Amino acid sequence: MTTAPAVLADGLTKRYGARTVVDDVSFRIEPGETFALLGPNGAGKSTTVEMLEGFRTPTSGAASVLGVDPRHADRAWRSRIGVVLQSTGQADALTVREILTHFARVFPSARDVDETIAAVGLAEHAKRRVGKLSGGQQRRVDVALGIIGRPEVLFLDEPTTGFDPQARRAFWQLIRDVAADGTTILLTTHYLDEAEQLADRAGIIAGGRLLAIDRTDRIGGADARTPIVRWSDASGHHEVRTHEPAAVVRQLRGEPADLEIVRPSLEDVYLSLIGDDADDQPEEAAA
Amino acid sequence: MTAIAPLTVGAASARTGLRPGHTLRCAADRVRIELLQYFRRSDALVFTFLFPVLLFAIFASAFGSLPAMLELEGQQVTQAHYYLPAMLAAGVFLSGVQNLGIEIAVERNDGTLQRLAATPLPVLSYFLGKLGQLLVTSLAQAALLLAVAVGAFGIELPTDPERWFTLAWVFFGALVCFAVLGVAVAQIPRTVSSASAVVIPLALILQFVSGIYLAFPMLPEWLQTIANLFPLAWVGHGMRFALLPEIAHHLEVGEAWNLQGVAMALGIWAVIGTVVAALTFRWIKRG
């Protein structure tokens, strides 16, 4: 297939003086796909997304969203993009419906205001001022403002930070609905379960570098998911990666302490990748 | 999340492009949003909208028993009467430079502007929204001030249409001039919390040297010369021509009215403000 990607990052790099915040990051997101950028705080996720949103100029590399270089964003392009920023302004004095009605008038083919309010679960708070809502509820207003314009590409920067588990699950369903509408979604998160639940593919980013990129059930490569057998005996702690764990266990003598067979989850893969990176670049902070 | 309702799916094809008149339609809705926020913010109401009215009431009461500032040919300029044009000028100045300056600085530093920048809202619509807010609130403020002056302090307003015409052009000229200067001043504060701390002292000093709180004839000549480099003293001068008895020209610099000076000062500063605002305005705070 050679369809044009909805989002393309090609060697994106951002430096501030001697500090490299995003280092040669490349990925493509196909139309209709949900892609997660996964990484710890300060990994360069937001800077990457802000370059794609047209809010930051790359030091080098190129970006393309819906076939347009975000640096040359115009109103027509903005009307096809939805953005949920990590931190947003406070429209404290306005009610939920007032601020959404305003945004609906700014976009040329906006969703229905009340339907959008209901979709983020704020129907009973529609007439309350945003400043009087809880932090999680205000975040849902942010999300509602991001999707009100019926975007073709939606950028979600850490959308569920501060949500309780129940609110996060409800939010996931909302994002699945938006994705089902054909919207291409780029999501940044430091929650692995969120990436696993929502994204078709994910990229793991740390220290500004893209360490791995693949389908969420394959990321890290086949070896990363090879089962691990661990046990302890008189000579110390042992760990063996093998595709035949039962055979390894059969060869063990006696009944070793702490015997376990682990099939690494996305979380294990993630932590090992992030850990490797931290070992590789101990001097990064000082650079 | 409570009561989540699913989004309408399959409506992606309902997208349309931007229609002609987008800028003006957005501007009209911005005015609505700005006014809703303005009248719900108690700090703006007290320190911008009611402030000149309260100050006028205090000055007029406190100095009411003092002899008139000038008595000649059967006419007199009372202390209260002298403060009316000063407070009218202060009202437009506070609404424009101080309130807009703080508002825009806060909106730029708290992410409100970045969120707007992510939408197809034209920059011009945003500014027309601010100008509309300024126009409506300043007119209401001036009407209230004149009503209090006439109703509570028995001040006689002019009957000559020429004076009212002068009042109108000085008022609207000041409005435009102070609006663009407000946008320019808003670029100075770097954080939300410093916005008021930076803007208010600047505004206060200019008001003191411009004959707003201290009668202009009380100021030393060198200070009058400095004050006349800025537009506020000229607005006060124009308003005094419009609202005080003819003999009041004896209290002015050179004992004469200089309406050409008023027009020139407003014109020059409106151009300076527009150029500075256009060159420095950014939706987004530079990182």
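Helices (H or I, at least four residues) and strands (E, at least two) are DSSP runs, numbered from the N terminus. Residues are numbered from 1 along each chain as its sequence is written, while chains are lettered from A and ligands numbered from 1 in the order in which they are written. Keep in mind that this is a predicted model, where local features need pLDDT of at least 70, side-chain atom pairs count only at pLDDT 80 or more, and totals for chains, interfaces and linings use all residues.

**Stop 1: the six-stranded sheet of chain A**

Select the strands β5, β6, β7, β3, β8 and β9 of chain A: in that order, these 6 strands form an open sheet with mixed pairing. At its edges are β5 (81-84) and β9, each pairing on one side only. Neighbouring strands here are turned by 15° against each other on average, direction ignored (axes are lines fitted to C-alpha atoms, for helices over the stretch in contact, and angles run from 0 to 180 degrees between N-to-C directions).

Now zoom in on β3 (residues 34-38) of chain A, which pairs with β8(A) in the parallel sense over 4 bridges. Click A:F35 and you'll find A:R201 of β8(A) opposite.

What is the bridge partner of A:A206 in β9(A)? That's A:R209. The hairpin of these two strands, β8(A) and β9(A), has 2 residues between the strands, and A:G207 takes a positive phi near 55° there.

**Stop 2: the other domain of chain A**

Zoom out and colour chain A by domain: domain 1 is 7-215 and domain 2 is 227-263, with bounds that come from an automatic or database domain assignment. The C-alpha centres of domain 1 and domain 2 of chain A lie 44 Å apart.

Now select β11, β10 and β12 of chain A, 3 strands that form an open antiparallel sheet in that order. β11 (236-241) and β12 (257-262) stand at the edges with a single partner strand each, so one side of each has no neighbour in the sheet. The twist averages 10° from one strand to the next. β10 (residues 228-233) of chain A pairs with β12(A) over 4 bridges, in the antiparallel sense; look for A:S232 opposite A:A257.

**Stop 3: the helices of chain B**

Switch to chain B, with its 11 helices and 2 strands. Its C-alpha trace spans about 80 × 35 × 35 Å along its principal axes.

Select α4 (residues 79-109) and α7 (residues 161-185) of chain B: their axes come within 7 Å and cross at roughly 25°. That makes α4(B) roughly parallel to α7(B) (angles under 35 degrees count as roughly parallel, over 145 as roughly antiparallel, 65 to 115 as roughly perpendicular and the rest as oblique). Show side chains for the contact, including B:F93 and B:L100 of α4(B) and B:F171 and B:F178 of α7(B) (residues are in contact if their C-beta atoms, placed from the backbone, lie within 7 Å).

Notes
Two strands pair if DSSP finds at least two bridges between them. Two residues are in contact if their C-beta atoms, placed from the backbone, lie within 7 Å.
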